[in-house]
Amino acid sequence: MSLVVCGIHPSVSAAYRLKAEEMNLSTAVYDKLNGVETTVSSAILRETAIPLASLIDCLGVARRSFC
């Protein structure tokens with residue numbers, strides 16, 4: 001999930017295809033994702049975005065709005 005939240009992979013499916021063998025994943029990953037509460041996804045995004053925003057500011061890169 002964090003690979004998608006951070007924009008490393010465009011979708012869970014793409015991340016799964018590339019990491020399935022390396023991480024010994026099965027299709028049960030989709031069953032597990034269906035049980036993830038939206039508050040968990042929001043927390044992952046928030047906890048990732050806060051420190052990365054500081055890094056982006058230090059690098060002087062313009063931020064994009066996704067809204």
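Colleague: Which helices are included in what covers the buried residues of α2?
Modeller: This is a predicted model, in which local features need pLDDT of at least 70 and side-chain atom pairs count only at pLDDT 80 or more, while totals for chains, interfaces and linings use all residues. Residues are numbered from 1 along each chain as its sequence is written, and side-chain values use heavy atoms, with hydrogens and water left out. Helices here are DSSP runs of H or I of at least four residues, strands are runs of E of at least two, and both are numbered from the N terminus. With contact taken as heavy atoms within 4.5 Å, the cover over the buried residues of α2 includes α1 (2-5) and α3 (28-34).

Colleague: And which residues of α2 are buried?
Modeller: Buried means under 20% relative accessible area, exposed over 50%, and partly exposed in between, with a 1.4 Å probe and protein chains only. In the protein chain of 67 residues, buried residues make up 10%. Those belonging to α2 are A14, A15, Y16 and A20.

Colleague: What distance does α2 span between its end C-alpha atoms?
Modeller: The expected span of a helix is 1.5 Å times one less than its number of residues. For the twelve residues of α2 (12-23), a straight helix would span 16 Å, whereas the span in the model is only 14 Å.

Colleague: At which residue does α4 bend?
Modeller: Helix α4 covers residues 38-59 and reaches 31 Å from its first C-alpha to its last, close to the 32 Å expected. The bend is the angle between axes fitted to the seven residues ending at a position and the seven starting there. In α4 this angle is about 25°, with the proline P51 following within four residues, and the bend lies at A49.

Colleague: Which side chains meet in a salt bridge?
Modeller: A salt bridge requires a side-chain nitrogen of Lys or Arg within 4 Å of a carboxyl oxygen of Asp or Glu, and by this rule the count comes to one. At 3.8 Å, N to O, the pair is E47 and R46.

Colleague: Which residues form the nonpolar surface patch?
Modeller: Patches take residues with over 30% relative accessible area and no salt bridge, joining like charges within 9 Å and nonpolar side chains (Val, Leu, Ile, Met, Phe, Trp, Tyr) within 5 Å. One member, I56, is found in α4 and is partly exposed at 31%. Together, with about 430 Å² of accessible area by the Shrake-Rupley method, the patch residues are L52, L55, I56, L59 and V61.

Conventions
Accessible areas come from the Shrake-Rupley method with a 1.4 Å probe; for residues, only the protein chains shown count as cover.
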